[in-house]
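Please look over the sequence and the fold shown below before reading on.

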Amino acid sequence: MNRFFIMLTIFPLVLTACGGTPASSAGTVDPVILASTTFLADIAQNVAGERVEVESLLPFGAEPHSYQPIPQDVTRIAESDLLILNGVEYEVFIEALLENAGGERIIVTASDGIAPRQTEAHAEDGESGESAGDEASDPHLWLDPNLVVTYVENIREGLTHLDPDGAAEFKSNADAYAAELQALDAWIAEQVSQIPAEQKLLVTNHEALGYFAERYGFEVVGTVIESFSSDASPSAQQMASLIDQIKASGARAIFLDASDNPTLAEQIAAETDAQVVTDLHLESLTDGPPAATYLEMMKYNVTLIVEALK
């Protein structure tokens, strides 16, 4: 998907409607800015600042891999002027919603310009259509804050096309937030340095922490579900293989998102010395602490990982 799609018949109207008047001025209609997930909405709001409001299509705690749309989602997309997606086939539910919603809007793909990690698909995934032997792309780029800097730039461009008069404000906000992301990256590197190198081993529910591991020097020992989506099921052979991998490596913990079912991880933990850490927030923010913003989400996750492994 390109960075943003603009329907040619509506593009001049978008610029005319938004040009010359801030969204909050009297007599104008505020543009509807919609992001697919809560963490994307927060990232985008930092770029938008006080000029426009960004809403999340998915509610807090929703798992995008297995999300089942509701009729109101179609209405919200139909009313949107700008829609922000992660891309890399993360929002598998969005195509049908767009078809049903109709209308025209700017679509920003936040991950555009980043080459995603590729791996061989291990199991049949009915949602994505991946079969064993296929190449699959990892959509979890936001778990490396350096890559989120690219998200910020793509979102800034989309907002500027929607509201050209806000360009300077969006640029200032984007620069300030990029600096916060760089500071977050430095903080994470400092925190994970407390973990001995031989203990920087990650086991997760599904393949979500690949970018995080690459950035901060972890090894991903294995996953309960050998897929980038949590909406899949492991075979008995895969479970047995993971148990062997954990025993051989000495991995200390299995890390789960708060939305993950811990049953399989607990079965694996019972066969190994690993503990199960169940409260990471990888796919969604929380409505208040501990992960109310993207920055807080990352810090909370890192703190749990460090405490479990150091």
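This is a predicted model: local features need pLDDT of at least 70, side-chain atom pairs count only at pLDDT 80 or more; totals for chains, interfaces and linings use all residues.

Residues are numbered from 1 along each chain as its sequence is written, and side-chain values use heavy atoms, with hydrogens and water left out.

Helices and strands are DSSP runs, numbered from the N terminus, with helices (H or I) of at least four residues and strands (E) of at least two. In a regular strand the side chains alternate between the two faces of the sheet. Strand β4, residues 82-85, sends L82 and I84 one way and L83 and L85 the other way, and all of these are buried; here buried means under 20% relative accessible area, exposed means over 50%, and partly exposed lies in between, with a 1.4 Å probe and protein chains only.

Two strands pair if DSSP finds at least two bridges between them. Strand β2 (residues 33-35) runs parallel to β4 and is joined to β4 by 3 bridges, with I33 standing opposite L82. Strand β5 (residues 106-109) is also parallel to β4, and 4 bridges join the two; the bridge partner of L82 in β5 is I106. Between β4 and β5 the chain passes through helix α4 (residues 94-101), and this β-α-β crossover is right-handed, a term used when, with the strands pointing away from the viewer, the path from the first strand over the helix to the second runs clockwise.

**Salt bridges**

Side chains of opposite charge can pair when their charged atoms come close. A salt bridge is counted when a side-chain nitrogen of Lys or Arg is within 4 Å of a carboxyl oxygen of Asp or Glu, and the structure holds 8 salt bridges. Some of them are listed here.

| D163 | R51 | 2.3 Å |

D163 counts as buried because its relative accessibility is 4%, and R51 counts as buried at 10%. R51 and D163 are also linked with E169 in a network of salt bridges.

D138 is buried, with a relative accessible area of 0%, whereas R117, at 24% relative accessibility, counts as partly exposed.

K171 and D175 are 4 residues apart in helix α6, so they are separated by about one helical turn. K171 is partly exposed, with a relative accessible area of 39%, and D175 counts as partly exposed at 42%.

**Nonpolar cores**

In soluble globular proteins, nonpolar side chains tend to be buried together. A nonpolar core is a set of buried Ala, Val, Leu, Ile, Met, Phe, Trp, Tyr and Cys residues joined through side-chain atoms within 4.5 Å. The largest such core has 61 residues, of which I84, F212, F218 and Y294 touch the most other members. Helix α10 (residues 294-309) gives this core its largest share, 10 residues. A second, separate core of 16 residues includes L201, V224, M239 and A269.

**Two individual residues**

D185 is placed in helix α6 and counts as buried, at 11% relative accessibility. Apart from neighbours within four places in sequence, D185 is in contact (heavy atoms within 4.5 Å) with P145, N146, R215 and Y216.

A78 is found in helix α3 (residues 71-78) and counts as partly exposed, at 37% relative accessibility. The C-alpha atoms of A78 and G102 are separated by 6.3 Å, although these residues are 24 residues apart along the chain. With neighbours within four places in sequence left aside, A78 is in contact with A101 and R105.
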